[in-house]
Amino acid sequence: MIRLNKFMAGAGVASRRKCDELIKDGRVSVNGKTVTELGVTVNEKKDKVTVEGKAICLPSSFVYIKFNKPKGYTCTASDEKGRKTIYDLIDSPERLFSIGRLDYETEGLLLLTNDGDFANRIAHPRNAVEKEYRVSIEGEVKESELAVLRKGVVKDGERMPSAHVKWLSFENGITKLSVVIDEGQNRQVRRMFEGIGRDIKLLKRVRIGSVKLGGLKRGEFRDLTEDELNLLVRGK
Ligand code: URA
């Protein structure tokens with residue numbers, strides 16, 4: 001037996017909290033009967049759960065993978081502009097969704113799963129899972145600019161979250177930096193650099209929590225190891 005909101009989240013409906021709202025709003029039924037109480041449990045093998053009339057079920061087995069997203073791909077299942085999506089590269093019989101997203105032009109580490117509940121927990125801001133990026137910038141970035149990013153740059157009148165920023169190198173006119181953030185606001189790293197008037201030449205995510213991109217080539221994916229999965233679940 002499993003709580004109804006956990007069952008729904010696992011099936012990819014929404015976060016447990018949003019699922020509770022759907023239940024309270026009378027949009028969920030179990031074996032044909034509308035359920036509006038929270039805390040109800042269901043038999044995941046036998047009970048028939050529908051959300052707004054559509055039957056949902058848990059995947060027969062859970063899949064957790066890490067993927068090296070190349071730039072020039074969107075993370076959506078279909079793109080209204082007809083651009084290539086990551087699902088053109090990931091051949092899986094399971095319906096996978098990404099845990100958070102990378103912009104079309106960003107490359108690097110992306111986690112995917114068919115376990116909606118796991119995806120929601122890892123992506124939840126409360127868990128503050130660290131994300132590490134390599135950033136390449138045209139020209140020599142000064143220490144004073146990095147200090148602004150560390151404090152939290154003000155962009156469009158709003159202070160962005162502070163970030164751990166480390167200078168790595170300056171070669172052939174390109175500054176390479178390491179940037180670590182623990183939030184995942186839309187275009188956060190790009191907006192931070194826009195805030196100091198710098199354009200990003202290359203943005204690549206190399207780590208999420210303790211899961212590293214490692215030796216994965218662009219477009220390659222593989223299952224997370226048991227250790228990687230356990231550390232992520234523990235918020236590391
Ligand atoms: N920050 C960005 O600006 N873009 C990404 O793709 C990820 C983080």
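This is a predicted model: local features need pLDDT of at least 70, side-chain atom pairs count only at pLDDT 80 or more; totals for chains, interfaces and linings use all residues.
Let's start with the ligand and then visit a sheet.

**Who surrounds the ligand**
- The residues around the ligand are L102, D103, T106, Y133, R187, Q188, V189, R190 and L203.
- Helix α5, which spans residues 188-195, gives the largest share of this shell, with three residues.
- If you look for pockets in the protein, the space taken by the ligand is the largest pocket.

- On the backbone side, a polar backbone atom of D103 lies 2.8 Å from an oxygen atom of the ligand.
- R190 also takes part through its backbone, where a polar atom is 2.9 Å from an oxygen atom of the ligand.
- T106 uses its side chain instead: an N or O atom there is 2.9 Å from a ligand oxygen atom.
- On its own the ligand has 240 Å² of accessible area, and the protein covers 95% of that.

**A sheet to find**
- Strands of a sheet pair through backbone hydrogen bonds, and the pairing can be parallel or antiparallel.
- Here, four strands make an open sheet in the order β3-β2-β5-β6, with antiparallel pairing.
- At the edges you will find β3 (33-34) and β6 (54-56), each of which pairs on one side only.
- Strand β2 (residues 28-30) pairs with strand β5 (residues 49-51) in the antiparallel sense, over three bridges.
- To spot this pairing, look for V30, which stands opposite V49 in β5.

Notes. Residues are numbered from 1 along each chain as its sequence is written. Side-chain values use heavy atoms; hydrogens and water are left out. A residue is near a molecule or strand if one of its heavy atoms lies within 4 Å of it. A polar contact is a pair of N or O atoms within 3.5 Å; within protein, one must be able to donate a hydrogen and the other to accept it, and residues adjacent in sequence count only if both atoms are side-chain atoms. Accessible areas come from the Shrake-Rupley method with a 1.4 Å probe; for residues, only the protein chains shown count as cover. On a 1 Å grid over the protein atoms alone, a cavity is a set of points where a 1.4 Å probe fits but cannot get out, and a pocket is an open set with protein on both sides within 12 Å along at least five of seven lines; lining residues have an atom within 4 Å of a point. A molecule sits in a cavity or pocket if more than half of its atoms lie within 2 Å of its grid points. Helices (H or I, at least four residues) and strands (E, at least two) are DSSP runs, numbered from the N terminus. Two strands pair if DSSP finds at least two bridges between them.
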